Every structure is written in structure tokens, then in C-alpha cells.
Amino acid sequence: MIDSIVHLGLLDDEEIDLDLAALELSALDHEGIDLTPYVARLEEIEDRLHEAAGGTDSGAEQAAILAHVLAEGYGFTGDKATYDAPLNADMIRVLDRRQGLPVSLSILYVAMARRIGWSADALNTPGHVLVRIGPPDASVVIDPFHDGKVITPAALLNLLHRSLGPDAGDQLHVAPMTNRLVLVRLLLNQASRAEQAGDTGRALSIYERMVEVAPSNGQGWWDLARLQLGAGRTEDARISLSAMLEITRDSDSRAHISAALEALAGR
């Protein structure tokens, strides 16, 4: 079934539709499922949002409308009771239950905003994905997990300090993520939960999806090789490390990968 997502790795980043790509990834865990009703639901939400949008052009106004439609109208909210449940990173189940993780709900908010022509990005905030909505000169940051609540600059800085320490800078961690990186972060949630549960087979399959979607993501290849080696799949681990070496330009990282390949040569 992984063949069905190969095209995602071949698309230019701006050609990726986040909500539809997340649905395609989710379908890999729901054999035989028809995505048509889910695509129709997204289009219905888009229509409702378009009707409510009017001529709004500031981030604050757009944020309020997104929250009104998605949180109040459809009931999409963060799953605070069973936060770590794997279904919170499964877009099909997110649409069914109208609950999810910060990253899965951010995908929905960003995708819906973009569908009607608004500027929106998921932000690379540590531990809790946020969304920036609106034009560059009038944007705001919102938290889809907490019903689209606007996050003040002071609250954002506090979040960064709690995650990274008081001396942490904020530029890198509030940078917008590429579409591909957002999907990687969604998959990483699934993989880490599978590993925590001791389900290495599941984690392996998720990392295989990750490198299909984001073939230039070196960490994905490294973690895939790590799990392949742990499963006794030495040749597969060698292939993954070789793929990582091809995309890595940093000399220290290349030396580290080469050392790992040399260690495998004796097996």
C-alpha cells in the first residue's frame, strides 16, 4: 500500500495539499476505506468557511472566523483526555471524532485557510504546533488544540522558554514549517507512540512512510536504519544509511554515517 503515497515524495512542496496528504497517509491504516466521504466533508467545511469569510483581511478577523467555523461550528478541539491515543494523529479518525493533536488540528486549520485564499502556516514550535494566520503585516498566532485561541507574543515566548530554557532564541522555533515537514511531524508522533508502546513493527512502517514522503529527511532515514538493524534487517539498514549519505552534506554527519556503514560491513 505504500506505493499509494510515492507521489507525495515527488511533488514540489508547494504542490502538497496538507489535508488531502494527511488523509492519504491515514488511509494506509484503514485498508479498503473510501476517502470520498472525507474529501466531501473537507469541501463542506471549506464552503462554510467561505460563506463566513466575507471581506476579512486581518489575521485577527480570519482567526476569529476559523475558530467560529471549526471549533464552534464543527466542534474540532484538542483531545485533552486521551492525548497520547494514536488515533489523534490519524486524520480519518480526527475527522470522525473531531478531536486530535496540535499537529493534526493545525493541518486542518492551515489547509482550510489556504483553501479560501488566506495565508496560513504551521509553526515549528517545540512540543506543541501552532498556526500563524493572516498577511505578514497583520498576522496572529493561534492554537488549534485550544479551539483556535489567539496566542499573544508574551505567551508564545513563555512557551518557548518552558520548552527550551530561558536563554532560547525564538526565531528558529517559530519559523513556518514546509508542508513536507508538517507531514513528517505528524508521522513522527505516530512513530514515537508506537515505539513507546513497544510496537517496533508499527514504528518501522511509519518511518518507511516518512522517507517516502520526505526522501531528503536525514533523521527519518537514520531512525529507519536504527529500527531495521534492531529487527535484524542488516541489508535494509545498509540501504537506508546509504540513502542518508547521498542527501547529507555536513562533513561530520557524513563521517558518522560512513562509520556506521563500515560497522555494518562486518556483519
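Residues are numbered from 1 along each chain as its sequence is written, and side-chain values use heavy atoms, with hydrogens and water left out. Because the model is predicted, local features need pLDDT of at least 70 and side-chain atom pairs count only at pLDDT 80 or more, whereas totals for chains, interfaces and linings use all residues.

Helices and strands are DSSP runs numbered from the N terminus (helices H or I, at least four residues; strands E, at least two). Helix α4 spans residues 59–73 and helix α6 spans residues 102–115; their axes come within 11 Å and cross at roughly 125°. Here axes are lines fitted to C-alpha atoms, for helices over the stretch in contact, and angles run from 0 to 180 degrees between N-to-C directions. The two helices α4 and α6 are therefore oblique to each other. In this scheme, angles under 35 degrees count as roughly parallel, over 145 as roughly antiparallel, 65 to 115 as roughly perpendicular, and the rest as oblique. The crossing of α4 and α6 is right-handed, where right-handed means that the near helix is turned clockwise from the far one by less than a right angle, and left-handed that the turn is anticlockwise. On the α4 side, Leu 66, Ala 67, Leu 70 and Ala 71 meet Leu 108, Tyr 109, Met 112 and Ala 113 of α6, contact meaning heavy atoms within 4.5 Å. By class, the residues of this contact are 8 nonpolar, no polar and no charged. Ala, Val, Leu, Ile, Met, Phe, Trp, Tyr, Cys and Pro count as nonpolar, Asp, Glu, Lys and Arg as charged, and the others, Gly among them, as polar.

Two further helix pairs come next. Helix α2 (residues 18–27) packs with helix α3 (residues 36–53) at an angle of about 160°, the axes lying 11 Å apart; α2 and α3 are therefore roughly antiparallel to each other. Their crossing is right-handed. Asp 19, Leu 20 and Leu 23 in α2 meet Tyr 38, Val 39 and Leu 42 in α3, a contact with 5 nonpolar residues, no polar and 1 charged. Among the residues in contact are Leu 241 and Leu 245 of α11 and Ile 257, Leu 261 and Leu 264 of α12. The contact of α11 with α12 has 9 nonpolar, 3 polar and 2 charged residues.

Ala 243 also belongs to α11 (residues 234–247). At 18% relative accessibility, Ala 243 counts as buried, a label given under 20% relative accessible area, with exposed meaning over 50% and partly exposed in between (1.4 Å probe, protein chains only). Its C-alpha atom is separated by 36 Å from that of Phe 145, 98 residues apart along the chain.

The largest nonpolar core has 76 residues, and Leu 66, Trp 118 and Ile 133 touch the most other members. Helix α6 gives the most to this core, with 8 residues. Such a core is a set of buried Ala, Val, Leu, Ile, Met, Phe, Trp, Tyr and Cys residues joined through side-chain atoms within 4.5 Å. Leaving out residues up to four places away in sequence, Trp 118 touches Leu 49, Ala 53, Thr 56, Gln 62, Ile 65, Leu 66, Ala 113 and Ile 133. A second, separate core of 8 residues includes Leu 123, Leu 130, Leu 159 and Val 174.

Arg 98, in the loop between α5 (91–97) and β2 (99–100), has phi near 60°, a positive value in a residue other than glycine. At 29% relative accessibility, Arg 98 counts as partly exposed. Setting aside neighbours within four places in sequence, Arg 98 is in contact with Tyr 74, Gly 75, Phe 76, Thr 77 and Arg 93. Arg 98 and Thr 152 are 54 residues apart in sequence and 25 Å apart in space, C-alpha to C-alpha. Asp 147 lies in the loop between β5 (140–143) and β6 (149–151); phi of Asp 147 is near 60°, a positive value in a residue other than glycine. At 37% relative accessibility, Asp 147 counts as partly exposed.
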